[in-house]
Amino acid sequence: MPMTDAAITAAGLRKAYQDKVVLDGIDLDVPTGTIFSLLGPNGAGKTTTVNVLTTLLKADGGTVRVAGHDVATQAKAVRSAIGVTGQFAAVDELLTGQENLQLMVDLSPGSPKNTVHDLLERFELTEAARKPASTYSGGMRRKLDLAMTLVGDPRIIFLDEPTTGLDPRSRRTMWTIIRELVADGATIFLTTQYLEEADQLADRIAVLDRGRLVAEGTPDELKRLIPGTHVRLRFAAAAELDAAVRVLPGSTRDDEALTLRVPGDGGTKSLRALLDRLDEYAISAEELSVHTPDLDDVFLALTGHDTEAAAK
Ligand SMILES: Nc1ncnc2c1ncn2[C@@H]1O[C@H](COP(=O)(O)OP(=O)(O)OP(=O)(O)O)[C@@H](O)[C@H]1O
Ligand SMILES: [Mg+2]
């Protein structure tokens, strides 16, 4: 059975708080040794999903298996197979970085002797190791938090927004570590607000919005879901934008940015036709750029914000 290849599966997962439905029938399938990224705007239900998958929260309906075990009836077996880095760091502020790590090692019998030292090195925390975590920056705290998760060498790792608040260099360090974990055979379930991060790391991405998965696929598949290349024109004044909208049917305006999005292939022929048309009506744009879709476009299109703008 291919079942054994799945690190995480969920079917019909449901969760409500009082009458507020947060997860409205979620299906997931994460193969072992891959990175799965759950994307979604604030309040979409990402943390709720992670909490259910990691046995911290009981679902109202559906079945979830993690590492082959049912989260509802075999919570202990699930917990011994996973590591979780929550959205908010689980670091003890009064302890030093080293003590925080040592505590995790003491709680997980069988960890190699040099675990603490190695993890401090790997996360560039050796220098700060003997200082209380309360003196750490937000980024250092997140790194320590992830290091603590890795004690005991979990095979399935849940990371809830692991790089929020990290500077670009620390973010890259984190990405490198995540890739190394997967190269070692671990499975990663990652939530993020950063589409670039999902694009960089994930084998598969699911987009969660209002309790449902509105799209799922590889980064490339998601990008192919939405209309392709377009030209973006930026105008100096609203009057020019108005004029351009009238002569360029099918375009989408953004009144705040004073831009117009014109569908097209971005080739020289269609660009010339576009410029000729503007010329014909004596309309000039401040700026013209050819835009190919990235995950931000997918996200905006799928979670409704862009469709609102387009409906105007
Ligand atoms: N304990 C709770 N009681 C009531 N409502 C809750 C509770 N926890 C979460 N919610 C609600 O469930 C919804 C989903 O929350 P969740 O934390 O899963 O979102 P999220 O996708 O992780 O958002 P963010 O990107 O801000 O972290 C929100 O509307 C939130 O207000
Ligand atoms: Mg969250």
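**View 1. Four strands form an open sheet in the order 2-1-4-5, with antiparallel pairing.** Strands here are DSSP runs of E with at least two residues, helices are runs of H or I with at least four residues, and both are numbered from the N terminus; two strands pair if DSSP finds at least two bridges between them. At the edges sit strand 2 (20-31) and strand 5 (69-70), each pairing on one side only. Strand 1 (residues 6-17) runs antiparallel to strand 2, and the two are joined over 9 bridges. To find your way along this pair, look for T9, whose bridge partner in strand 2 is D29.

A word on what you are looking at: this is a predicted model, in which local features need pLDDT of at least 70 and side-chain atom pairs count only at pLDDT 80 or more, while totals for chains, interfaces and linings use all residues. Residues are numbered from 1 along each chain as its sequence is written, and chains are lettered from A and ligands numbered from 1 in the order in which they are written.

**View 2. The largest nonpolar core has 49 residues.** Strand 2 gives the most to this core, with 5 residues. A nonpolar core is a set of buried Ala, Val, Leu, Ile, Met, Phe, Trp, Tyr and Cys residues joined through C-beta atoms within 7 Å. Buried means 20 or more other C-beta atoms within 10 Å of a residue's own, exposed means 12 or fewer, and partly exposed lies in between, with C-beta atoms placed from the backbone. I8, L53, V66 and I188 have the most contacts inside the core. Beyond its neighbours within four places in sequence, V66 is in contact (C-beta atoms, placed from the backbone, within 7 Å) with I8, L53, V71, V78, A81, I82 and I156. Another core, of 18 residues, lies apart from it and includes V91, V116, M140 and A147.

**View 3. Ligand 1 has a shell that includes G43, A44, G45 and K46.** Also around the ligand are Y17, V22, G40, N42, T47, T48 and Q87; a residue is near a molecule if its C-beta atom, placed from the backbone, lies within 6 Å of it. Helix 1 (residues 46-53) supplies the largest share of the shell, 3 residues.

**View 4. T55 and E124 are non-glycine residues with positive phi.** T55, with phi of about 70 degrees, lies in the loop between helix 1 and strand 4 (61-66). E124, with phi near 55 degrees, lies in the loop between helix 4 (115-122) and helix 5 (138-150). T55 is buried, with 20 other C-beta atoms within 10 Å, whereas E124 is partly exposed, with 13 C-beta neighbours inside 10 Å.

Note on methods
Contact = placed C-beta atoms within 7 Å.
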